[in-house]
Amino acid sequence: MNRKKEMQANIAISILFAVVMLVSSYVIADKDLTQNIVIILIAIWFVPFLYLSKISNRIEKPQS
């Protein structure tokens, strides 16, 4: 993947998770459960975000 595709993937994943968080907030009536689901989704979102950021930094700074 090149840097541009990684940035686009990161943005797409972020938007997808934001939509899922909003939908879960509207669909689930229990606010405590909704809060827990949003926290779990944020934790899951960090995995691809950090992975793509790490790859992006590797491409930007080649090893000597």
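Predicted model: local features only at pLDDT ≥ 70, side-chain atom pairs only at ≥ 80, totals over all residues.
Biologist: How many helices and strands does the protein have?

Modeller: The protein has two helices and zero strands.

Biologist: What makes the span of α1 agree with expectation?

Modeller: Helix α1 covers residues 3-27. The expected span is 1.5 Å times one less than the number of residues. For the 25 residues of α1 that gives 36 Å, and the end C-alpha atoms are 36 Å apart, so the two agree.

Biologist: Now the rings. How many aromatic pairs are there?

Modeller: The count comes to two aromatic pairs.

Biologist: Why is the pair of Trp-45 and Phe-46 called tilted?

Modeller: Ring centres must lie within 6.5 Å to pair. Those of Trp-45 and Phe-46 are 5.1 Å apart. Planes under 30 degrees apart count as stacked, over 60 as edge-to-face, and the rest as tilted. The planes here stand at 55 degrees, so this pair is tilted.

Biologist: Why is the pair of Trp-45 and Phe-49 called stacked?

Modeller: The ring centres of Trp-45 and Phe-49 are 4.7 Å apart, and their planes are at 25 degrees. Stacked requires under 30 degrees. The pair is therefore stacked.

Biologist: Where do Trp-45 and Phe-49 lie?

Modeller: Both are in helix α2, residues 31-60. They sit four residues apart, about one turn of the helix. Together with Phe-46, they form one aromatic cluster.

Biologist: Why does Trp-45 count as buried?

Modeller: Buried means under 20% relative accessible area. Trp-45 has 19%, so it counts as buried.

Biologist: What makes Phe-46 partly exposed?

Modeller: Exposed means over 50%, and partly exposed lies between that and the buried cut-off. Phe-46 has a relative accessible area of 39%, so it is partly exposed. Phe-49, with 27%, is also partly exposed.

Biologist: Which residues of α1 are buried?

Modeller: They are Glu-6, Asn-10, Phe-17 and Ser-24. Across the protein, buried residues make up 16% of the 64 residues.

Biologist: Which residues form the nonpolar patch on the surface?

Modeller: The patch consists of Ile-11, Ile-15, Val-19, Leu-22, Val-23, Tyr-26 and Val-27. Together they have about 760 Å² of accessible area. Leu-22, one of them, lies in helix α1.

Biologist: What share of contacts joins residues at least 24 apart?

Modeller: It is 60%, among contacts between residues at least 6 apart in sequence.

Definitions and conventions. Residues numbered from 1 in each chain as written. Heavy atoms only, no water. Phe/Tyr/Trp six-rings, centres within 6.5 Å; stacked < 30°, edge-to-face > 60°. Buried < 20%, exposed > 50% of the residue type's maximum accessible area, 1.4 Å probe, protein only. Contact = heavy atoms within 4.5 Å. Patch = residues over 30% accessible without salt bridge, like charges linked within 9 Å, V, L, I, M, F, W, Y side chains within 5 Å. Areas by Shrake-Rupley, 256 points an atom, 1.4 Å probe, with all protein chains shown as cover. Salt bridge = Lys/Arg side-chain N within 4 Å of Asp/Glu carboxyl O.
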